[in-house]
Amino acid sequence: MKSRIRERDSSTLNESVQNTIMRDLKAVGKKFMHVLYPRKSNTLLRDWDLWGPLILCVTLALMLQRSSLDGEEDGGPQFAEVFVIVWFGAVIITLNSKLLGGNISFFQSLCVLGYCILPLTVAMVICRLVLLTEPGPVNFMIRLFVVTLMFAWSVVASTAFLADSQPPNRKALAVYPVFLFYFVISWMILTFIP
Amino acid sequence: MAAAAELAFHEFEEATNLLAETPDAVTTRSDQLSPQGGHVTVALGSSVGYRAEDELEEEGDKTALLQEEKPPPGFWTFGYYQSFFDVDTSQVLDRIRGSLMPRPGHNFVRHHLRNRPDLYGSFWICATLAFVLAVTGNLSLVLAQRRDPSIHYSPQFHKVTVAGIAIYCYAWLVPLALWGFLRWRQGVRERVGPYTFLETVSIYGYSLFVFIPTVVLWLIPVPWLQWFFGALALALSASGLVFTLWPVVREDTRLVAVALLSTVVLLHALLATGCKFYFFQPLPAEHLTLPAPATSLSPNILSPATVKV
């Protein structure tokens, strides 16, 4: 038994770097699929990882950067502001959930909240593409519709994973901060002007 | 250990007394009772109605006494902070409703908090108010730009930081000052004790709730309506505070009581007007025929956007 375990450990050490990276990428990709088609499954909770949320947060923060040459101070959010809002917000929501008596672990909750930013990142990509065309009210309506749809998708996806961990008389108290969190991110995406 | 042994012995005595009083219980349960000894009370509770209530009550009293002997969790443990979030959805909604409808004799702390303050309401109401202020302030800039295209629109994200800091400082530092002042004056009053720090924070947090719909309604571009909504919200919020603080303050000298209550109301009014002027873009005048006199006619003295233009 011991020798088999030692064999397994050394096998992951001795495997090629490509294998390791592909295995992690496949795990991240599988979780992306679970977010895009939210079902009652435990994959996100059981094997949590923070690679996905990191990739999504960095992508979102980079895309929210404007090429502001005049350096005006009342512009959009800086890279650090987006990063702080996403991670600090997720930590606060997790603490809130645990203080209310939820039985989800700290990193599992961070993992779920981070992965459910995926629809909003997709919305950001679509908004940037739409903004390449002529600005106008139609442009704005399309962006508003896309952002609203993805916001609803994020909230539903994260609620599907997080709501079960709370006692039933406190579910709304735990879900409301998630709603506020994704609302703020959607607002940042909607008010983005290149 | 001696205490536990004493209690066990006491239980058995009581059980034998009850057995003597209820002969039918003896006939059905005697064979179960004798080997169990300490579990007598549970068996009796299942058979006879009135006696069972007595027994359960006494059992409850004993367990309460045993629980009180445990020391409360220290402030470095997680359980200490969990006790401040021990609320249900219905309780939070009830407290919010209580803050929206203040009544003269109705003390918020006694009736709604029932001396069990929570930090959930204060924290999330302040967070919501800060974000709603920033978002609606930005929306008012959008509305102003549609009226007057010379105004330059920008997301103004730094206002989120400003709003957050302002609201959180108000909701935590002012209760701290108020609590400190009431504790200092505690020597003058003997009968009614002051509120704890958390109760004061809860009062202030829930009293800020009425500003959330008011801030959204400030988007309506009619000036007198905006001032009406602001005055209404300020009246509701400040009267809630005053009715809650009055029982604690009325024991004091009249001068101190009046000064304290008017300071509380004044600070609240300052917060409301400060938010209105800093976050909201005043709407330019509707009738703009020529572009040159427009910038002098429009009342945009306070807004930074037109200063840039």
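With which residue does the side chain of A:Lys31 meet in a salt bridge, and what is the N to O distance?

A: The side chain of A:Lys31 meets that of A:Asp49, with 2.7 Å from N to O. A salt bridge here is a side-chain nitrogen of Lys or Arg within 4 Å of a carboxyl oxygen of Asp or Glu. The pair links distant parts of the chain, 18 residues apart: A:Lys31 is in helix 2 (residues 17-36) of chain A, and A:Asp49 is in the loop between helix 3 (43-46) and helix 4 (51-63). Helices are DSSP runs of H or I with at least four residues, and strands are DSSP runs of E with at least two; both are numbered from the N terminus. A:Lys31 and A:Asp49 are both buried. Buried means under 20% relative accessible area, exposed means over 50%, and partly exposed lies in between (1.4 Å probe, protein chains only).

The model is predicted: local features need pLDDT of at least 70, and side-chain atom pairs count only at pLDDT 80 or more, while totals for chains, interfaces and linings use all residues. Residues are numbered from 1 along each chain as its sequence is written, chains are lettered from A and ligands numbered from 1 in the order in which they are written, and side-chain values use heavy atoms, with hydrogens and water left out.

Chain A also holds a salt bridge between A:Arg23 and A:Glu15, at 2.9 Å from N to O. Here A:Arg23 counts as partly exposed because its relative accessible area is 42%. A:Glu15 is partly exposed too, at 22%. The whole structure has five salt bridges over all chains.

Two salt bridges are found across the interface of chain A and chain B. One of them joins A:Arg170 to B:Asp88, with the closest N and O atoms 3.1 Å apart. The pair runs from B:Asp88, in the loop between helix 5 (78-82) and helix 6 (89-100) of chain B, to A:Arg170, in the loop between helix 8 (137-162) and helix 9 of chain A. Both B:Asp88 and A:Arg170 are buried. A network of salt bridges links A:Arg170, B:Asp86 and B:Asp88.

Nine residue pairs are in polar contact between chain A and chain B, both residues being at pLDDT 80 or more. A polar contact is a pair of N or O atoms within 3.5 Å; within protein, one must be able to donate a hydrogen and the other to accept it, and residues adjacent in sequence count only if both atoms are side-chain atoms. Helix 5 (79-99) and helix 9 (171-190) of chain A each supply at least two residues of the side of chain A that touches chain B. Helix 9 of chain A gives the largest share of that side, 10 residues. In total, 30 residues from chain A and 27 residues from chain B take part in the contact, where contact means heavy atoms within 4.5 Å. The area buried between the two chains is about 2,600 Å², and carbon and sulfur atoms give 66% of it. Buried area is the accessible area (1.4 Å probe) that two parts lose on being put together, summed over both.

Next come the chains themselves. Chain A has nine helices and zero strands, and 44% of its 194 residues count as buried. Chain B has 15 helices and zero strands, and 42% of its 309 residues count as buried.

The largest nonpolar core has 107 residues, and those with the most contacts inside it include A:Tyr182, A:Ile185, B:Tyr120 and B:Leu208. Such a core is a set of buried Ala, Val, Leu, Ile, Met, Phe, Trp, Tyr and Cys residues joined through side-chain atoms within 4.5 Å. Leaving out residues up to four places away in sequence, B:Leu208 touches, among others, B:Ile125, B:Leu129, B:Tyr170 and B:His268. In chain B, B:Ser207 lies in helix 10 (residues 197-207). B:Ser207 counts as buried because its relative accessible area is 7%. Beyond its neighbours within four places in sequence, B:Ser207 is in contact with B:Ser99, B:Ser237, B:Leu241 and B:His268.
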